[in-house]
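Good morning, everyone, and thank you for making time.

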Amino acid sequence: MTSSSRSRLAALTVSAGILLAGCGGAAAEESASAEGHDHSGDAPAVVEGPEDRYAGLDLPDPYQRPSFTLTGPDGQPYDFGAETAGAPTLLFFGYTNCPDICPTTMADVAVALRGVDPALAEQVQVVFVTTDPAFDTPEVLAEYLGRFDADLPTRFVGLTGDQAAIDRAQLAAGVPLAEDSGRLHSSLLLLYGADDLAHVAFDAGNTSRDIAGDLGLVAGA
């Protein structure tokens, strides 16, 4: 990890919390503790462990792949835990009208997947859960994600639902609930491996190269 990454991680470690990214605006900080492996209902505590293995943010207390059901691209129920079980999976919460954090994150993911072995890219599931379900219908999400994944072997999955279901999904994943009609949301991109645990996550300070490198590590673990 570079010195700038260590400085960023150290800053996060001080508060043992995670940034809520205000798309197009300032960021606010949500403090929480992370105890045990089931982080449902808590904001992730990003803490530097004894080993600095990943280019992203090491999660020494791994996050379990969450179980939640939302509405998928075809308008049918999508069981996240069942649909992605055992596969390398990137999970992000955001909204399609976000002017900066969300499109940048999705673009970085797309660039990363174009840079890894095609066989790995085909395995990786990318799931984008809206924090603005009032606007982001399955059709809106499909059009938005199609801007990023059109040439990739596995298409990105956009999920929506009613507000209560979106809130439950965020709590199940262990990220803070979005605020301001979804515009103030978690900036974490979580990466789950075949063991259904997230040992690493990424934020706005990470690059597509970081994501690509860590995908290789997680897939080879």
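Let me start with Thr154, which is found in the loop between helix 5 (138-149) and strand 8 (157-159), where helices (H or I, at least four residues) and strands (E, at least two) are DSSP runs, numbered from the N terminus. This is a predicted model, in which local features need pLDDT of at least 70 and side-chain atom pairs count only at pLDDT 80 or more, while totals for chains, interfaces and linings use all residues. Residues are numbered from 1 along each chain as its sequence is written, and side-chain values use heavy atoms, with hydrogens and water left out.

Is Thr154 buried or exposed? Thr154 has a relative accessible area of 16%, so it counts as buried, a word that means under 20% relative accessible area, with a 1.4 Å probe and protein chains only. Leaving aside residues up to four places away in sequence, Thr154 touches Ala121, Glu122, Val124 and Gln125, contact meaning heavy atoms within 4.5 Å. Gln125 lies 29 residues from Thr154 along the chain, and their C-alpha atoms are separated by 7.1 Å.

Turning to the whole protein, there are 7 helices and 11 strands, and buried residues make up 51% of the 221 residues. Among contacts between residues at least 6 apart in sequence, 72% join residues at least 24 apart.

Finally, consider two helices: Asp108, Val109, Val111, Ala112 and Leu113 in helix 3 meet Ser208, Ile211, Ala212 and Leu215 in helix 7.

Conventions: Buried < 20%, exposed > 50% of the residue type's maximum accessible area, 1.4 Å probe, protein only.
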